[in-house]
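Subject: A structure for you to look at

Hello,

My notes on it follow below.

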Amino acid sequence: VGGIAERMKFGAVMAFLAIWFTFSYLPIAHMVWSGPGLLFGMGAYDFAGGTVVHINSGVAALVAAIVLGPRLGYMKEPIAPHNLVWTYVGAGMLWFGWFGFNAGSNLEANALTAVALMNTVLAPAAGAIAWAVGERVTRGHASALGAVSGAVAGLVAITPAAGFSGVGGAIVLGAIAGI
């Protein structure tokens, strides 16, 4: 919904969500999480729902944003968050919760859980740094909003691979997402 915010009326958003849920989310969830599902049968292991939830909804948001066009006032006036402090509080709560989301998806405490936990630290940190460096290069200065945006991008990017990417892979995934 964040990808289409301020671009559609509420009723249209509700209709879009019903259509997306029925014709996109449910088939992908079946393909990935069900025994006879296509991707499950190919050996896909969707760590913490990253494929079904994050990739699926991210692609839907991107396609909807492209179809709908830019927000009103985009590139004409700044569209900053209403309160940067609350943005950081929310991102911190999100990141804290994400530890349970990624590490808890293993359903036991072992080395795989530790890898997922460590990757949930490293990927968002790399995303925050990469976004800040990218802003520094393109705008001449880094911003606090940019850093937190990069951290959230890193969280989303690492989720499907949280238990499998390794430390170096987590840093690379987070940095690419941040950029």
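What percentage of the 179 residues of the protein chain count as buried? The figure is 30%, where buried means under 20% relative accessible area, exposed means over 50% and partly exposed lies in between, with a 1.4 Å probe and protein chains only.

Before the details, a word on where the values come from. This is a predicted model, in which local features need pLDDT of at least 70 and side-chain atom pairs count only at pLDDT 80 or more, while totals for chains, interfaces and linings use all residues. Residues are numbered from 1 along each chain as its sequence is written, and side-chain values use heavy atoms, with hydrogens and water left out.

**Overall build**

The protein chain has 7 helices and 0 strands, so its elements read α-α-α-α-α-α-α from the N terminus on; helices (H or I, at least four residues) and strands (E, at least two) are DSSP runs, numbered from the N terminus. Its C-alpha atoms fill a box of roughly 50 × 35 × 25 Å along the principal axes. Among contacts (heavy atoms within 4.5 Å) between residues at least 6 apart in sequence, 65% join residues at least 24 apart.

**Helices H1 and H3**

The axes of H1 (residues 10–33) and H3 (residues 50–68) come within 10 Å and cross at roughly 145°. Axes here are lines fitted to C-alpha atoms, for helices over the stretch in contact, with angles from 0 to 180 degrees between N-to-C directions. Residues of H1 that meet H3 include Phe16, Trp20 and Ile28, and among their partners in H3 are Val53, Asn56 and Ala64. The residues of this contact divide into 11 nonpolar, 4 polar and no charged; Ala, Val, Leu, Ile, Met, Phe, Trp, Tyr, Cys and Pro count as nonpolar, Asp, Glu, Lys and Arg as charged, and the others, Gly among them, as polar.

The largest nonpolar core has 6 residues: Trp20, Tyr25, Ala29, Val32, Val52 and Ala60. Such a core is a set of buried Ala, Val, Leu, Ile, Met, Phe, Trp, Tyr and Cys residues joined through side-chain atoms within 4.5 Å. H1 and H3 each supply at least two residues of this core, and H1 gives the most, with 4.

**Three loop residues**

Ser34 is in the loop between H1 and H2 (38–41). Ser34 counts as buried because its relative accessibility is 18%. Not counting residues up to four places away in sequence, Ser34 touches Ala29 and Phe40.

Ser105 is in the loop between H4 and H5 (111–139), and is partly exposed at 23% relative accessible area. With neighbours up to four places away left aside, Ser105 touches Tyr45, Phe47, Ala48 and Gly100.

Met75 is in the loop between H3 and H4 (84–104). Met75 has a positive phi of about 70° although it is not a glycine, and is exposed, with a relative accessible area of 72%.

Best wishes
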